[in-house]
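These are my notes from one sitting with the model.

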Amino acid sequence: MSLSPIKKVTGRAVPVEGDDIDTDRIIPARYMRCVTFDGLGEFLFHDIRQTPEGKSTKHPIDQAQFNGSTILISGMNFGCGSSREHAPQAIVRAGFKAVIAGNFAEIFFGNSTTLGLPCVTAKKEDLEALTQLIKKEPSTEVQIDLENLKVSAGKLSFPVTMKASAQQGLLSGRYDAIADLLANLPKVKELAAHLP
Amino acid sequence: MGKTLFHKVWDRHAVAKLPDGSTQLFIGTHLIHEVTSPQAFGMLRDLGLKVAFPKRTFATVDHIVPTDQRVEPFKDTLADAMIKELRKNCSDFGVTFFDIPSGKQGIVHIVGPEQGITQPGTTIACGDSHTSTHGAFGAVAFGIGTSQVRDVLATQTMALSPLKVRKIEVRDKLGPGVYAKDIILHIIRTLGVNGGTGYAYEYAGPTIEGLSIEERMTICNMSIEGGARVGYVNPDEKTFEYLKGRPYCPKGKDWDAALTEWRKVASDPDAVYDDVKVFEASEIRPTVTWGINPGQGIFIDEAIPSPEQLPVADRSSAKEALEFMKFKAGQKLAGQKIQVAFFGSCTNARLSDFVEASRFLKGRKVAKGIRAIAVPGSQGVSKICAEMGIDKIFREAGFDWREAGCSMCLGMNPDQLVGDEICASSSNRNFKGRQGSPTGRTLLMSPVMVAAAAVTGEVSDARKVFAQT
């Protein structure tokens, strides 16, 4: 599949603070009763954006000053738990283009990369500074430079990390592996013949 | 220099190096279910692709099936659409489906081993993070997302980077009333919920070798709760004994040939590991979680820690957990009233779990007002429980005995918590909202501890309740 390279993500950001934000929180399982990913964006963080009675909790995503944000900022171990691709699908379908966090659970990271949703890892102090800046100045433009693995926002600028194969995939527009996998089908068949 | 099982299996299944530097890995067996596969089949149709090796994919239905009544159409029209979609996809693409009428339906991670589809030395993938369960047989098993389900359907391969391997050695003897579930909850509590990121966990040592295959499955199952995508145990004679004669295992001469291969896949004695951690089984006691991630656990005789006692990195999560759970630091969980007891899930709904708990439930009654449900992991487990009279013991004790499925492990079917109910649960995740109610509270523990909580109506030390010595 030929895809556009993703070299930079620029936009306003919204802090979703906390560690270990799991995929059940990103999209509760009961909203996965579906056969397509359509419409999942509306259930992003559903149970923490609403009380059980359906009242808004004024979650950052629903606060006016963060309206239209395209970059999510969170804490450690973001996306832990279930392997559901519904989680990054919901994030993408809610309009987000990248996530900056302390680190990421492995399956979530892979699922996100395949969808072209870059997930970059920042040091705790940098993340903290960025979060504070965005809370104070929500209109600040944040830029993630995937080539140089750098985040800049206002006067802030700090390095981030990303698994080399993911970075390579995003920069070259090969983050969805299907075309490369299909190209090797003859080799796959050869190997398969020798494997139980 | 010796190799680990992980590297032996990886090398044997590597097809090619991909342009981004990752490896194209062949997947010997692909397991699918109704939640994470429909979109993948949709993508195949959009791309005009077929399933490359339909005989290597097996399907079942588990997450959304009601466990009380199985009459179709299901009352939940969305769930009904999902089972119908899976039927259609399996029929269109030639995939074996262990459907409800087959008598072989169940939780995908219980069905695979039960049918002998899960075998040593293979690679397995499934769109479910608890796929690590299959590592109990010495397979390398990955939980994957839906786009990768598509990749495996279309090519029987996926793009991956190799993992590091951490050996987790458990030695010494487990005390009475301490189970595999306690070992893994203790490991997660000690190494952290993201301690395993980037690693495959090899569970080894005399304690692990002494466990039954089903107990090993419980341990491997929760690798992902410790951040490790893959967990495995080196196969041994117990593994082969467990598999012998199962429907999809090789027979006759093929069995002998398979055994020869399987005996070679274990990690070499001089294998080099990226990390080694050692645990003493004798120090582990029955464990219960108090928080909102599976690493927030304590021994039954311990008090809930105050955030200040914990490492800095764990404090904010602990504060959030105390608030959500409405518990206080310093409080003991023993004596905490519960409303629901859930006995089931891919972690603990195998035959041995029911056999063990039935020894203690016989002649006892679930405490008044407690909603207790027991959900066998598969129709196969259910059938044997019926033959052994185990269902009767659970029913007479006051458990609601259900049909096979994921049930109350996650809120995708009618079995859900209501409001802020507290559930003593043999499942694997205590995340906020996991059991279907956004404010529901989950306490993870071993199945025998769930049985003890059910009969006393509160979190209890099963060793005392059942006089386990």
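**Entry 1: A:Ser157**

I looked up A:Ser157 and found it exposed, because it has 12 other C-beta atoms within 10 Å. The classes I use are buried for 20 or more other C-beta atoms within 10 Å of a residue's own, exposed for 12 or fewer, and partly exposed in between, with C-beta atoms placed from the backbone. This is a predicted model, and I kept to its limits: local features need pLDDT of at least 70, side-chain atom pairs count only at pLDDT 80 or more, and totals for chains, interfaces and linings use all residues. Residues are numbered from 1 along each chain as its sequence is written, while chains are lettered from A and ligands numbered from 1 in the order in which they are written.

A:Ser157 is in strand β8 of chain A. Helices (H or I, at least four residues) and strands (E, at least two) are DSSP runs, numbered from the N terminus. Not counting residues up to four places away in sequence, A:Ser157 touches A:Lys150 and A:Ser152. For contact I take C-beta atoms, placed from the backbone, that lie within 7 Å. I also checked A:Leu181, which is 24 residues from A:Ser157 in sequence and 37 Å from it in space, C-alpha to C-alpha.

**Entry 2: helix α5 of chain A**

I took α5(A), residues 124-136, next; it has 13 residues. From first C-alpha to last it reaches 18 Å, close to the 18 Å expected at 1.5 Å a residue. The expected span is 1.5 Å times one less than the number of residues.

Which residues of α5(A) are buried? I noted A:Leu127, A:Leu130 and A:Ile134. They sit on the same side of α5(A) because they cover an arc of only 65 degrees around the axis. The arc is that of the directions from the helix axis to the C-beta atoms. An α-helix has 3.6 residues a turn, so residues three or four places apart point the same way. On the other side of α5(A), I found A:Glu125, A:Gln132 and A:Lys136 exposed. The buried residues of α5(A) pack against several strands of chain A, among them β2 (13-15), β3 (71-73) and β8 (156-161).

**Entry 3: the largest nonpolar core**

I then looked at the largest nonpolar core, which has 207 residues. Such a core is a set of buried Ala, Val, Leu, Ile, Met, Phe, Trp, Tyr and Cys residues joined through C-beta atoms within 7 Å. Those with the most contacts inside it include A:Ile73, A:Ile100 and B:Ala451. Helix α15 of chain B (447-456) gives the most to this core, with eight residues. Leaving aside neighbours within four places in sequence, B:Ala451 is in contact with B:Ala357, B:Phe360, B:Leu361 and B:Ala462.

Chain B is divided into domain 1 (5-262) and domain 2 (287-465), with bounds from an automatic or database domain assignment. Their centres, taken over C-alpha atoms, are 24 Å apart. The contact takes 38 residues from domain 1 of chain B and 37 residues from domain 2 of chain B. On the domain 1 side, α6(B) gives the most, with six residues.

Most residues other than glycine have a negative phi, and most peptide bonds are trans. I listed the exceptions below.

- A cis peptide bond joins B:Glu72 and B:Pro73, with omega about -5 degrees; B:Pro73 is in the loop between β4 (57-60) and α3 (77-93) of chain B.
- A:Phe45 is not a glycine, but has a positive phi of about 55 degrees. A:Phe45 lies in the loop between α1 and α2 (46-49) of chain A and counts as buried, with 22 C-beta neighbours inside 10 Å.
- B:Ala467 has a positive phi near 45 degrees. B:Ala467 lies in the segment after α16 (462-465) of chain B and counts as exposed, with 10 C-beta neighbours inside 10 Å.

Note on methods: Contact = placed C-beta atoms within 7 Å.
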